[in-house]
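Please keep the sequence and the model at hand while reading.

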Amino acid sequence: MTSKDHRPLTLRDVSEASGVSEMTVSRVLRNRGDVSDATREKVLAAAKRLGYVPNKIAGALASQRVNLVAVVIPSLSNMVFPEVLTGISRVLEETDLQPVVGVTDYLPEKEEKVLYEMLSWRPSGVIVAGLEHSDAARAMLSAAGVPVVEVMDTDGQAVDAAVGISHRRAGREMANAILAAGYRRIGFMGTKLGLDHRARKRFEGFTEALAKGGVEIEDQEFYTDGSALAKGREMTAAMMKRSPELDFLYYSNDMIGAGGLLWLQEQGFDVPNRIGLAGFNDVQLLQGLPTKLATMDSCRQEIGRRAAEIILNRLNGEAAPEGKVELTPKINPGDTLRAR
């Protein structure tokens, strides 16, 4: 079965894949009855391989669907995702559908658990952040039998449909803007790249464009805690102590970038002439700062809106994009990237 079939798996599928009866499969998946360990392992392995999720509402609703759209995101503390949720909610609020949110903390094993529980209630659609998933999570998404839209990213293969931006392109464009402004001694600060795939892709695009311009990053630092102002201050102070000759600091998000800006201004640095700065996401909360951080709009509300529209159109039998919908982010130079 392909992801385009949109037919949920049944006990019969697991029965045929594992070579045991449907009744035995049911006992194993409900953890009931006397079943040997070998048979239990065989059934569980087949179910996981297929991406089978038990239907908790079987027999309760004739439609076998609930009016919920599962929205799986990595964080609620990151200001990016509430804006995506806003875009989703504004589209769904005039319908019978309601978004229900699960949070993964960027952990693949937690994403598997969240998807398993959400899909077991047979939602009408799934919106999930990112294109990188474990084999088990991808199998569940492929076998869900409902429209699936991966959001935030287009650099990779979609299970069904995807809406987002190219983060590699975003990194390249920011690097080119920095080089065009005359900066050459550049430091980078951001999240641990193994956990945040989109930040990793921006970093890859950024360093690739710098290299084409004959420039290498001179200092870099990565962190795992929340993207807060205090973290940006702390990392910026440490980096400037190590590498005082730097003339530009690129941050993987606006919040740590704003913290760095505040620290540099307190220390008397001339921004953007002595040193320039840029972040990412164009967080609206920071628009009230007297000095506006250079950044890039990641199209968050539009991503949410377009994803919800794809779900609705598919459910209504109307034409909807398959594959990837790539949006175009724009650089906002603010006050911390000097004019070319």
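A salt bridge is taken here as a side-chain nitrogen of Lys or Arg within 4 Å of a carboxyl oxygen of Asp or Glu. The model is predicted, and local features need pLDDT of at least 70, side-chain atom pairs count only at pLDDT 80 or more, while totals for chains, interfaces and linings use all residues. Residues are numbered from 1 along each chain as its sequence is written, and side-chain values use heavy atoms, with hydrogens and water left out.

## Salt bridges

| Glu-326 | Arg-169 | 3.4 Å |

Helices (H or I, at least four residues) and strands (E, at least two) are DSSP runs, numbered from the N terminus. For accessibility, buried means under 20% relative accessible area, exposed over 50%, and partly exposed in between (1.4 Å probe, protein chains only).

Glu-266 is exposed, at a relative accessible area of 52%, whereas Arg-233 is partly exposed at 27%.

The side chains of Glu-326 and Arg-169 also meet in a salt bridge. Here too distant parts of the chain are linked, since Glu-326 belongs to strand 11 (residues 323–326) and Arg-169 to helix 7 (residues 167–180), 157 residues apart. Glu-326 is partly exposed, with a relative accessible area of 41%, and Arg-169 is partly exposed at 27%.

Glu-302 and Arg-305, by contrast, both lie in helix 11 (residues 300–315), three residues apart, about one turn of the helix. An α-helix has 3.6 residues a turn, so residues three or four places apart point the same way. Glu-302, Arg-305, Arg-306 and Glu-309 are linked in a network of salt bridges.

## Packing of helix 4

Helix 4 (residues 80–92) has 13 residues and spans 19 Å from its first C-alpha to its last, close to the 18 Å expected, where the expected span is 1.5 Å times one less than the number of residues. Its buried residues include Phe-81, Leu-85, Ile-88 and Leu-92. With contact meaning heavy atoms within 4.5 Å, the buried residues of helix 4 pack against elements including strand 1 (68–73), strand 3 (125–129), helix 8 (197–212) and helix 11.
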